[in-house]
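Thank you all for making time this morning. I would like to walk through one structure with you, so please have the sequence and the model open as I talk.

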Amino acid sequence: GDALADLNTAIRVNPNLVKAYRNRAGVRIAMAEPEEAIKDRSTAIELNGDVSRDYVLRGDLHYSLQRYSLAVRDYQKAVEIEQHYLDPVKRYVGLLTTCPDPSYHDPELAIELAHSAARRSSWQSADALILLAAAHAAAGDFDEALRWQEQAIAIAPEEARQELRKSANEFEQAKKDAQASQPAEDAPKVNTQQPSPTPPAASPANSKEPSEKQTTRSKTPMGT
(Lines give C-alpha, C1' and ligand atoms only; values in the text may rest on other atoms or scores of the structure.)
Protein backbone atom coordinates (compact mmCIF):
# COMPACT_ATOMS: atom_id res chain seq x y z
CA GLY A 1 0.00 0.00 0.00
CA ASP A 2 0.89 3.67 0.08
CA ALA A 3 2.22 3.46 3.63
CA LEU A 4 4.64 0.69 2.71
CA ALA A 5 5.78 2.55 -0.41
CA ASP A 6 6.35 5.73 1.59
CA LEU A 7 8.39 3.89 4.20
CA ASN A 8 10.43 2.12 1.53
CA THR A 9 11.25 5.50 0.05
CA ALA A 10 12.17 6.96 3.43
CA ILE A 11 14.54 4.08 4.10
CA ARG A 12 16.17 4.41 0.67
CA VAL A 13 16.77 8.09 1.36
CA ASN A 14 18.03 7.48 4.90
CA PRO A 15 18.98 3.86 5.64
CA ASN A 16 19.64 4.79 9.29
CA LEU A 17 16.14 6.10 10.01
CA VAL A 18 15.18 3.87 12.93
CA LYS A 19 11.59 5.08 13.12
CA ALA A 20 10.98 4.06 9.53
CA TYR A 21 12.01 0.47 10.21
CA ARG A 22 9.78 0.35 13.28
CA ASN A 23 6.83 1.73 11.35
CA ARG A 24 7.45 -0.61 8.44
CA ALA A 25 7.51 -3.54 10.86
CA GLY A 26 4.03 -2.49 11.97
CA VAL A 27 2.85 -2.36 8.38
CA ARG A 28 4.35 -5.79 7.72
CA ILE A 29 2.45 -7.22 10.68
CA ALA A 30 -0.79 -5.76 9.35
CA MET A 31 0.03 -7.42 6.03
CA ALA A 32 0.58 -10.78 7.78
CA GLU A 33 4.28 -10.78 6.93
CA PRO A 34 5.88 -11.65 10.29
CA GLU A 35 9.24 -12.68 8.85
CA GLU A 36 9.64 -9.31 7.13
CA ALA A 37 8.47 -7.57 10.30
CA ILE A 38 11.16 -9.40 12.28
CA LYS A 39 13.81 -8.24 9.80
CA ASP A 40 12.73 -4.61 10.18
CA ARG A 41 12.53 -4.84 13.96
CA SER A 42 15.99 -6.44 13.99
CA THR A 43 17.39 -3.61 11.88
CA ALA A 44 15.90 -1.09 14.31
CA ILE A 45 17.63 -2.93 17.15
CA GLU A 46 20.94 -2.93 15.26
CA LEU A 47 20.65 0.83 14.83
CA ASN A 48 19.50 1.48 18.39
CA GLY A 49 19.69 -1.48 20.76
CA ASP A 50 18.60 0.35 23.90
CA VAL A 51 14.83 0.38 23.38
CA SER A 52 13.03 -2.25 25.43
CA ARG A 53 9.89 -2.14 23.32
CA ASP A 54 11.74 -3.23 20.18
CA TYR A 55 12.76 -6.44 21.92
CA VAL A 56 9.26 -6.99 23.30
CA LEU A 57 7.65 -6.66 19.88
CA ARG A 58 10.23 -8.85 18.17
CA GLY A 59 9.77 -11.37 20.97
CA ASP A 60 6.03 -11.33 20.32
CA LEU A 61 6.67 -12.14 16.67
CA HIS A 62 8.98 -15.02 17.56
CA TYR A 63 6.40 -16.30 20.03
CA SER A 64 3.67 -16.18 17.39
CA LEU A 65 5.90 -18.29 15.15
CA GLN A 66 6.55 -20.77 18.00
CA ARG A 67 10.21 -19.79 18.23
CA TYR A 68 10.05 -19.79 21.99
CA SER A 69 13.79 -19.77 22.71
CA LEU A 70 14.16 -16.60 20.63
CA ALA A 71 11.17 -15.06 22.38
CA VAL A 72 12.78 -15.85 25.74
CA ARG A 73 15.97 -14.14 24.65
CA ASP A 74 14.15 -10.99 23.54
CA TYR A 75 11.96 -10.78 26.64
CA GLN A 76 14.99 -11.25 28.88
CA LYS A 77 16.81 -8.44 27.09
CA ALA A 78 13.77 -6.17 27.34
CA VAL A 79 13.57 -6.73 31.10
CA GLU A 80 17.30 -6.11 31.43
CA ILE A 81 17.10 -2.80 29.56
CA GLU A 82 14.11 -1.36 31.41
CA GLN A 83 13.26 -3.06 34.68
CA HIS A 84 10.65 -0.47 35.60
CA TYR A 85 8.68 -1.16 32.42
CA LEU A 86 6.08 -3.80 33.30
CA ASP A 87 5.21 -4.89 29.77
CA PRO A 88 8.30 -7.08 29.13
CA VAL A 89 7.89 -8.64 32.58
CA LYS A 90 4.28 -9.48 31.71
CA ARG A 91 5.36 -11.07 28.43
CA TYR A 92 8.15 -13.07 30.02
CA VAL A 93 6.00 -14.25 32.94
CA GLY A 94 3.26 -15.21 30.47
CA LEU A 95 5.70 -17.31 28.50
CA LEU A 96 7.04 -18.97 31.64
CA THR A 97 3.57 -19.92 32.82
CA THR A 98 1.41 -20.46 29.73
CA CYS A 99 3.74 -21.33 26.84
CA PRO A 100 2.23 -24.07 24.64
CA ASP A 101 5.55 -25.89 25.02
CA PRO A 102 5.55 -26.89 28.70
CA SER A 103 9.30 -27.40 28.70
CA TYR A 104 9.57 -23.61 28.97
CA HIS A 105 7.40 -23.42 32.09
CA ASP A 106 9.26 -22.08 35.11
CA PRO A 107 6.78 -20.88 37.77
CA GLU A 108 9.57 -20.20 40.26
CA LEU A 109 11.29 -17.74 37.94
CA ALA A 110 7.91 -16.25 37.01
CA ILE A 111 7.23 -15.56 40.69
CA GLU A 112 10.66 -13.95 41.12
CA LEU A 113 10.14 -11.67 38.13
CA ALA A 114 6.64 -10.65 39.19
CA HIS A 115 7.69 -10.18 42.81
CA SER A 116 10.55 -7.91 41.78
CA ALA A 117 8.19 -5.84 39.62
CA ALA A 118 5.71 -5.49 42.48
CA ARG A 119 8.44 -4.52 44.92
CA ARG A 120 9.84 -1.90 42.54
CA SER A 121 6.38 -0.34 42.47
CA SER A 122 6.41 -0.18 46.29
CA TRP A 123 3.42 -2.54 46.14
CA GLN A 124 1.32 0.23 44.59
CA SER A 125 0.87 -1.17 41.07
CA ALA A 126 -2.30 -3.22 40.79
CA ASP A 127 -1.06 -4.64 37.48
CA ALA A 128 2.16 -5.89 39.09
CA LEU A 129 0.23 -7.47 41.97
CA ILE A 130 -2.16 -9.14 39.52
CA LEU A 131 0.86 -10.55 37.68
CA LEU A 132 2.30 -11.85 40.94
CA ALA A 133 -1.02 -13.50 41.81
CA ALA A 134 -1.14 -15.19 38.42
CA ALA A 135 2.43 -16.46 38.80
CA HIS A 136 1.59 -18.03 42.15
CA ALA A 137 -1.53 -19.59 40.66
CA ALA A 138 0.57 -21.10 37.87
CA ALA A 139 2.80 -22.61 40.56
CA GLY A 140 -0.26 -24.13 42.23
CA ASP A 141 0.00 -21.91 45.30
CA PHE A 142 -3.54 -20.63 45.35
CA ASP A 143 -3.36 -19.23 48.88
CA GLU A 144 -0.64 -16.82 47.79
CA ALA A 145 -2.47 -16.15 44.53
CA LEU A 146 -5.59 -15.17 46.43
CA ARG A 147 -3.65 -13.01 48.88
CA TRP A 148 -1.98 -10.99 46.16
CA GLN A 149 -5.15 -10.76 44.10
CA GLU A 150 -6.94 -9.28 47.11
CA GLN A 151 -4.13 -6.77 47.50
CA ALA A 152 -4.56 -5.82 43.85
CA ILE A 153 -8.32 -5.43 44.27
CA ALA A 154 -7.76 -3.13 47.24
CA ILE A 155 -5.76 -0.61 45.20
CA ALA A 156 -7.30 -1.08 41.74
CA PRO A 157 -9.74 1.46 40.28
CA GLU A 158 -13.32 0.75 41.25
CA GLU A 159 -14.34 -0.06 37.67
CA ALA A 160 -11.72 -2.82 37.47
CA ARG A 161 -12.54 -4.58 40.72
CA GLN A 162 -15.43 -6.71 39.50
CA GLU A 163 -13.27 -8.40 36.87
CA LEU A 164 -10.46 -8.88 39.37
CA ARG A 165 -12.85 -10.53 41.80
CA LYS A 166 -13.79 -12.99 39.06
CA SER A 167 -10.15 -14.02 38.88
CA ALA A 168 -10.03 -14.35 42.66
CA ASN A 169 -13.07 -16.62 42.49
CA GLU A 170 -11.32 -18.72 39.83
CA PHE A 171 -8.30 -19.10 42.11
CA GLU A 172 -10.58 -20.15 44.94
CA GLN A 173 -12.28 -22.74 42.75
CA ALA A 174 -8.93 -24.02 41.50
CA LYS A 175 -7.80 -24.41 45.10
CA LYS A 176 -10.90 -26.45 45.92
CA ASP A 177 -10.43 -28.58 42.81
CA ALA A 178 -6.82 -29.26 43.74
CA GLN A 179 -7.81 -30.27 47.25
CA ALA A 180 -10.61 -32.50 45.97
CA SER A 181 -8.23 -34.27 43.59
CA GLN A 182 -5.93 -35.39 46.40
CA PRO A 183 -6.15 -39.08 47.32
CA ALA A 184 -8.39 -39.61 50.30
CA GLU A 185 -5.59 -41.11 52.39
CA ASP A 186 -3.37 -38.09 51.83
CA ALA A 187 -3.49 -35.29 54.31
CA PRO A 188 -3.93 -31.86 52.78
CA LYS A 189 -0.62 -30.45 51.70
CA VAL A 190 0.81 -27.70 53.82
CA ASN A 191 2.70 -24.93 52.13
CA THR A 192 6.06 -25.00 53.87
CA GLN A 193 7.52 -22.16 51.85
CA GLN A 194 7.97 -18.82 53.49
CA PRO A 195 5.15 -16.66 52.15
CA SER A 196 6.00 -13.60 50.15
CA PRO A 197 5.90 -10.50 52.33
CA THR A 198 2.55 -8.79 52.67
CA PRO A 199 2.93 -5.37 51.10
CA PRO A 200 2.81 -3.01 54.09
CA ALA A 201 0.55 -0.03 53.71
CA ALA A 202 3.02 2.53 54.95
CA SER A 203 6.53 1.13 55.02
CA PRO A 204 7.40 -1.49 52.39
CA ALA A 205 10.99 -1.34 53.63
CA ASN A 206 9.93 -3.36 56.65
CA SER A 207 9.16 -6.42 54.52
CA LYS A 208 11.75 -9.17 54.50
CA GLU A 209 12.59 -9.84 50.89
CA PRO A 210 13.75 -13.15 49.49
CA SER A 211 16.99 -12.93 47.53
CA GLU A 212 16.45 -12.34 43.83
CA LYS A 213 17.93 -14.49 41.09
CA GLN A 214 19.18 -13.08 37.85
CA THR A 215 16.16 -12.54 35.64
CA THR A 216 18.26 -12.90 32.56
CA ARG A 217 18.88 -16.62 32.88
CA SER A 218 16.94 -18.71 30.46
CA LYS A 219 15.32 -22.03 31.00
CA THR A 220 17.07 -24.20 28.51
CA PRO A 221 15.00 -27.00 27.11
CA MET A 222 16.05 -25.57 23.77
CA GLY A 223 13.73 -27.58 22.20
CA THR A 224 7.89 -19.47 25.61
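Predicted model: local features only at pLDDT ≥ 70, side-chain atom pairs only at ≥ 80, totals over all residues.

Let me begin with Gln-66, which lies in the loop between helix H4 (52-64) and H5, where helices are DSSP runs of H or I with at least four residues, strands are runs of E with at least two, and both are numbered from the N terminus. Residues are numbered from 1 along each chain as its sequence is written, and side-chain values use heavy atoms, with hydrogens and water left out.

Is Gln-66 buried or exposed? At 58% relative accessibility, Gln-66 counts as exposed, because exposed means over 50% relative accessible area, buried means under 20%, and partly exposed is what lies in between, with a 1.4 Å probe and protein chains only. Gln-66 also has a positive phi of about 65°, although it is not a glycine.

Trp-123 is another residue other than glycine with a positive phi, near 65°, and its place is the loop between H7 and H8. Trp-123 is buried, with a relative accessible area of 2%.

Asp-101 sits in the loop between H6 and helix H7 (107-120), and with a relative accessible area of 23% it is partly exposed.

Let me now step back to the whole chain. Its secondary structure comes to 10 helices and zero strands, and of its 224 residues, 38% count as buried. The chain exposes about 12,400 Å², of which carbon and sulfur atoms supply 50%; these areas come from the Shrake-Rupley method with a 1.4 Å probe, and for residues only the protein chains shown count as cover.

Which residues touch the most other members of the largest nonpolar core? Of the 39 residues in that core, they are Val-89, Tyr-92, Val-93, Leu-95, Leu-96 and Leu-113. By a nonpolar core I mean a set of buried Ala, Val, Leu, Ile, Met, Phe, Trp, Tyr and Cys residues joined through side-chain atoms within 4.5 Å. The largest share of this core, eight residues, comes from H8. If we leave out residues up to four places away in sequence, Val-93 touches Ala-110, Leu-113, Ala-114, Leu-131 and Ala-135, where contact means heavy atoms within 4.5 Å. Apart from this core lies another, of eight residues, among them Ile-11, Val-18, Ala-20 and Ala-44.

Next, the packing of helices. Two packed helices are described by the angle between their axes and the distance between the axes. H7 and H8 pack at an angle of about 165°, with their axes 8 Å apart; the axes are lines fitted to C-alpha atoms, for helices over the stretch in contact, and the angles run from 0 to 180 degrees between N-to-C directions. H7 and H8 are therefore roughly antiparallel to each other, since angles over 145 degrees count as roughly antiparallel, those under 35 as roughly parallel, 65 to 115 as roughly perpendicular and the rest as oblique. The residues that make this contact include Ala-110, Ala-114 and His-115 of H7, and Leu-131, Ala-135 and His-136 of H8.

H5 and H6 pack at an angle of about 145°, with their axes 9 Å apart, and the residues making the contact include Tyr-68 and Tyr-75 of H5 together with Val-89 and Tyr-92 of H6.

Finally, let me turn to the start of the chain. Leu-4 lies in helix H1 (residues 2-13) and is buried, with a relative accessible area of 12%. Setting aside neighbours within four places in sequence, Leu-4 is in contact with Arg-24, Val-27, Arg-28 and Met-31. Of these, Arg-28 has its place in helix H2 (residues 18-30), and at 14% relative accessibility it counts as buried.
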